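Visitor: Could you take me through some parts of this structure, one at a time?
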Amino acid sequence: MPEEDTYPAAPEGSVRINKYLALCGFESRRAADKIIEEGRVEVNGQRVDTPGVRVLPTDFVKVDGHHVTPKAVETILLNKPRGYVCSREAQGAKGTVYDLLPPKCRHLNYAGRLDADSEGLLIFTNDGDLADKLMHPSYGATKIYHAFLDKNLKKADFDAILKGIELEDGEIHADSLSYVDDDLAQVGIQIHSGRNRIVRRIFEHLGYGVKKLDRVYFAGLTKKALTRGSWRFLNETEIAKLKMGSFE
């Protein structure tokens, strides 16, 4: 049963307060739940401390004493170049992915981070629920990477990656794996795990160095017509598919 239907006699047009806060830009419903439990939310002057409270568009909602309202959904696809960190603050000489966005879009949060040495697709959005779907492996947002290794990938290691290998934070396996253009040092690896640096760690665990890593597919989106360092807004159809979990 959907979460919205667990509270009977819901007023038409109302939503749960945690979803309302996510629509206001508070990252996700889980983050909103914490804010609510801490007693930082008021609806029409009354403090609320449970995410089951429902609100209407006409209600007056405050967080920490400040009026909040839902924002129009904005979602951007960026083709990240190497050398940029997924952070709002620069780290040493490296710039941040926000340097690549126009100033008016730098309030958006990224989903599915890439390390500084990796390239490829990043999604930015102010929709907390969408960001949660893109990052949490239970939703199955597929990612495909083109990995350039420092030596040929042995068949035994190829098979082990598909079967599953044990890393320090648990077992992991690729959803699919293939050599690229008959070059045994280049592979395409499909995976839905959101663990930090997971692709690099898979190959490093087996004794391979990753010379270059490029995310070429993310949740049904590709780099088509998107040059390195450029970005575009997703259209309504693309956003709707992502929100429905149609990641293929």
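Guide: In this predicted model, Val63 stands opposite His66, a residue of strand S6.

Visitor: How do S5 and S6 pair, and over how many bridges?
Guide: Strand S5, residues 61–63, pairs with S6 in the antiparallel sense, and two bridges link them.

Visitor: Let us change topic. Which residue takes a positive phi in the hairpin of S15 and S16?
Guide: That residue is Asp181, with a phi near 55°. The hairpin has two residues between its strands.

Visitor: And how many bridges join S15 and S16?
Guide: There are five bridges between strand S15 (residues 176–180) and strand S16 (residues 183–191), and the pairing is antiparallel. Within this pair, Tyr179 stands opposite Val187 of S16.

Visitor: Now Asp157: where does it lie?
Guide: Asp157 belongs to helix H4, which covers residues 155–163.

Visitor: Is Asp157 buried or exposed?
Guide: Asp157 is buried, yet it has no salt bridge.

Visitor: Why does Lys154 not give it a salt bridge?
Guide: Lys154 is the nearest side chain of opposite charge, but it is 5.4 Å away.

Visitor: What is Asp157 in contact with, leaving aside neighbours within four places in sequence?
Guide: Asp157 is then in contact with Leu206 and Tyr208.

Definitions and conventions. Residues are numbered from 1 along each chain as its sequence is written. This is a predicted model: local features need pLDDT of at least 70, side-chain atom pairs count only at pLDDT 80 or more; totals for chains, interfaces and linings use all residues. Side-chain values use heavy atoms; hydrogens and water are left out. Two strands pair if DSSP finds at least two bridges between them. Helices (H or I, at least four residues) and strands (E, at least two) are DSSP runs, numbered from the N terminus. Buried means under 20% relative accessible area, exposed over 50%, partly exposed in between (1.4 Å probe, protein chains only). Lys and Arg count as positive and Asp and Glu as negative; His and the chain ends are not counted. A salt bridge is a side-chain nitrogen of Lys or Arg within 4 Å of a carboxyl oxygen of Asp or Glu. Contact means heavy atoms within 4.5 Å.
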